[in-house]
Amino acid sequence: MAEIELSVPAAKPERAKPAELVQLIVFRLGDEDYGIRIEQVKEVTVTPDVARMPKTPPFIKGIANLRGDIIAILDLEERFRLRPAGRPVPERSYTVAVEAADYTLGLMVREVPRPFTLPQSQIEPPPDFVQDSSTRDKYLEGIAKLPDGSIIIVLDMRKLLTPSEVMRLPGKSASS
């Protein structure tokens, strides 16, 4: 009987898995950097003319026509109470149009937002004490720690507004 030799393929050296990268659009609110995952951002533009709407919370600045879509414009500095005392809203601002589940919002920011890429491993869950415990949904995705010691607060746009706030958005019909 002939002896059968079984050949086992040599084990391939394991390659280090590439770090999963996260792309953010980063902007300043108050004196801190905030970021939104790029896949939630529809576009960035100079803030269009905003029409005030009655009976909306103060942080909703009104509505604007953005390339044929009527969207609500939010001032997150006001929403999060981050505007330093005495600092006026700038004459020229930028709007980050973000897409949530079934609506688009415009986030008004002071400076031109910038893209930023970092490994997912640099984003840590936010500590529980950081978010308002009365808010059912947590709108912070995490805190990105950068090698230079700075941080970026990463927002989850799908959870930024409560369901009742979403229903009260200007231009949002009861059927949407």
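This is a predicted model: local features need pLDDT of at least 70, side-chain atom pairs count only at pLDDT 80 or more; totals for chains, interfaces and linings use all residues.

I started with Y34. Y34 is buried, at 7% relative accessible area. I took buried as under 20% relative accessible area, exposed as over 50% and partly exposed as in between, with a 1.4 Å probe on protein chains only. Residues are numbered from 1 along each chain as its sequence is written, and side-chain values use heavy atoms, with hydrogens and water left out.

Aromatic pairs next. I counted 2 of them. My rule: rings of Phe, Tyr and Trp (its six-membered ring) pair if their centres lie within 6.5 Å; planes under 30 degrees apart are stacked, over 60 edge-to-face, the rest tilted.

I checked Y34 with F80. That pair is stacked, at 6.2 Å centre to centre and 25 degrees between the planes. Y34 sits in strand 2 (residues 32-37) and F80 in the loop between helix 1 (76-79) and strand 6, so the pair ties together parts 46 residues apart in sequence. Helices (H or I, at least four residues) and strands (E, at least two) are DSSP runs, numbered from the N terminus.

F80 is buried too, at 16%. I then found F80 stacked with Y139, at 5.2 Å centre to centre and 10 degrees between the planes. Y139 is in the loop between strand 9 and strand 10, 59 residues from F80. Y139 is also buried. I logged Y34, F80 and Y139 as one aromatic cluster.

R79 lies over the face of F59, 4.7 Å from the ring centre. The test wants NZ of Lys or CZ of Arg within 6 Å of the ring centre and within 35 degrees of the ring normal.

Then T95. T95 lies in strand 6 (residues 94-99). T95 counts as buried because its relative accessibility is 1%. Its side chain makes a polar contact (here, an N or O pair within 3.5 Å, one able to donate a hydrogen and the other to accept it) with the side chain of T47, at 2.8 Å.

I read an open sheet of 6 strands, order 8-1-2-11-10-9, with mixed pairing. Its edge strands are strand 8 (114-119) and strand 9 (123-124). Strands pair if DSSP finds at least two bridges between them. Strand 10 (residues 140-145) and strand 11 (residues 151-155) run antiparallel, joined by 5 bridges. L140 has L155 as its bridge partner in strand 11.
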